[in-house]
Amino acid sequence: MILIWLWKRLNKTGARPEVSGRLLRRFPEAEINKMLRARILIEDRKIDSWGTCAHCDCGYDARMIQEIDGNLVACCPLDPGQDVILEPADLIRYRIDGEQLIRAIAVAGNLTGTPATISAGLWSMGVAATGRTIFLCRSPRDVFAPGISILLKSLAGGTPPIVVFDEIDQASGIRLRDMEIDSHEVVDILRADGNGVEVVSFDGLLPPSDRVRLIIDRSIPSVMLDGRVLDMSVQMVAVLVLLAEQACRRDPIIKKQIIEAETGRPPNEVIRDLRKALVAPGAPASTAKELIATVHGVGYRLGLAPEAISFADEGATHKRHTIHT
């Protein structure tokens with residue numbers, strides 16, 4: 001996708017980020033024109049010379065561009081076989097407007113809020129439909145700077161911040177997890193839509209599988225999912241408790257009859273309301289159905305492993321490891 005490709009380019013080209021028309025050839029002309037209209041790409045200058053061959057011993061810093069038989073040619077002074085045939089657009093250099101690019105990525109990913117620069121190479125992007133706050137970052141080094149991790153957690157409003165990097169090395173990934181920061185590579189936010197077109201999506205960025213995601217205090221009662229305190233009726237909490245307790249047993253499926261006996265309502269209506277209560281407003285239906293899966297003809301099960309569930313009234317948010325018979 002051109003937006004993400006430009007963001008990677010932005011990270012590599014220093015204080016004055018630019019890209020050549022020749023490099024942009026990989027994208028359809030319509031996409032390039034769209035970037036120009038949005039002022040994400042700005043035509044900056046034209047060049048009159050071309051770089052030398054990487055292996056050349058000519059001693060020149062550049063080679064001149066000549067018009068030969070109607071073609072633009074970057075001529076090698078030593079070996080005509082190394083001449084490069086150019087298109088007029090190859091000579092144009094485009095400046096990348098970083099602020100406009102970041103805004104466009106946030107819009108493409110359906111994030112709410114206004115993107116903002118936190119520091120060089122680190123941006124606050126907005127909030128995803130899942131309720132999680134998203135950050136885009138050039139390198140883990142930018143998060144490890146003094147005070148940055150505390151700032152990210154503050155901006156995330158109490159939920160673990162999600163930071164998307166170009167790439168993450170293994171050591172940095174472990175360190176970020178210890179800092180309670182959910183880290184992802186940029187490839188994780190790209191998916192194909194129904195037409196096979198690559199688009200940006202932040203909705204699939206889930207917490208690590210080994211983290212406690214659901215904390216229930218049955219004595220209050222209260223529910224916290226992925227760091228977000230949920231506003232749920234007593235009845236909905238009771239049904240969620242049934243599902244969570246069943247998820248920690250050998251057979252994680254709770255039968256429809258049990259839900260109906262608990263609530264006095266049709267089970268499908270109860271589960272529909274519970275799914276709505278669990279996910280953030282605007283979250284895709286698939287997210288809710290992953291949290292509470294339908295087992296056709298039998299009942300329902302919670303889509304979380306026992307290790308991801310904690311009952312606060314049994315102790316200080318310890319994980320459930322025991323599988324009961």
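# Chatting through salt bridges, cores and helices

User: Hi! Which side chain meets Arg 103 in a salt bridge?
Analyst: The side chain of Glu 99 does, at 3.5 Å from N to O. A salt bridge here is a side-chain nitrogen of Lys or Arg within 4 Å of a carboxyl oxygen of Asp or Glu. Keep in mind that this is a predicted model, where local features need pLDDT of at least 70 and side-chain atom pairs count only at pLDDT 80 or more, while totals for chains, interfaces and linings use all residues. Residues are numbered from 1 along each chain as its sequence is written, and side-chain values use heavy atoms, with hydrogens and water left out.

User: Where do Arg 103 and Glu 99 sit?
Analyst: They are four residues apart in helix α3, so about one helical turn separates them. Helices (H or I, at least four residues) and strands (E, at least two) are DSSP runs, numbered from the N terminus. Arg 103 is partly exposed, with a relative accessible area of 37%. Buried means under 20% relative accessible area, exposed over 50%, and partly exposed in between (1.4 Å probe, protein chains only).

User: How many salt bridges turn up in the whole structure?
Analyst: The search finds seven. One of them pairs Asp 166 with Lys 8, at 3.9 Å from N to O. Asp 166 lies in the loop between β11 and α6 (170-178) and Lys 8 in helix α1, so this pair ties together parts that are 158 residues apart in sequence.

User: Is Asp 166 buried or exposed?
Analyst: Asp 166 is buried at 15% relative accessible area, and Lys 8 counts as partly exposed at 29%.

User: Back to α1. How many of its residues are buried?
Analyst: Eight of its eleven, so α1 is mostly covered. Among them are Trp 5, Leu 6 and Trp 7.

User: Which residues touch the most other members of the largest nonpolar core?
Analyst: Leu 6 and Phe 202 do, in a core of 35 residues. A nonpolar core is a set of buried Ala, Val, Leu, Ile, Met, Phe, Trp, Tyr and Cys residues joined through side-chain atoms within 4.5 Å. Helix α1 gives the most to this core, with seven residues.

User: What does Leu 6 touch?
Analyst: Leaving out residues up to four places away in sequence, Leu 6 touches Val 19, Met 35, Ile 40, Leu 41, Ile 96 and Leu 101. Contact means heavy atoms within 4.5 Å. There is also a second, separate core of 32 residues, including Val 239 and Val 270.

User: New topic! At what angle do α8 and α9 cross?
Analyst: The axes of α8 (residues 256-263) and α9 (residues 267-278) cross at roughly 80° and come within 9 Å. Axes are lines fitted to C-alpha atoms, for helices over the stretch in contact, and angles run from 0 to 180 degrees between N-to-C directions. The two helices are therefore roughly perpendicular. Angles of 65 to 115 degrees get that label, with under 35 roughly parallel, over 145 roughly antiparallel and the rest oblique.

User: Which residues make that contact?
Analyst: Lys 256, Ile 259, Glu 260 and Thr 263 of α8 meet Pro 267, Val 270 and Ile 271 of α9.

User: Last one: which peptide bond is cis?
Analyst: The bond from Ile 220 to Pro 221 is cis, with omega near -10°. Pro 221 lies in the loop between β15 (214-217) and β16 (222-225).
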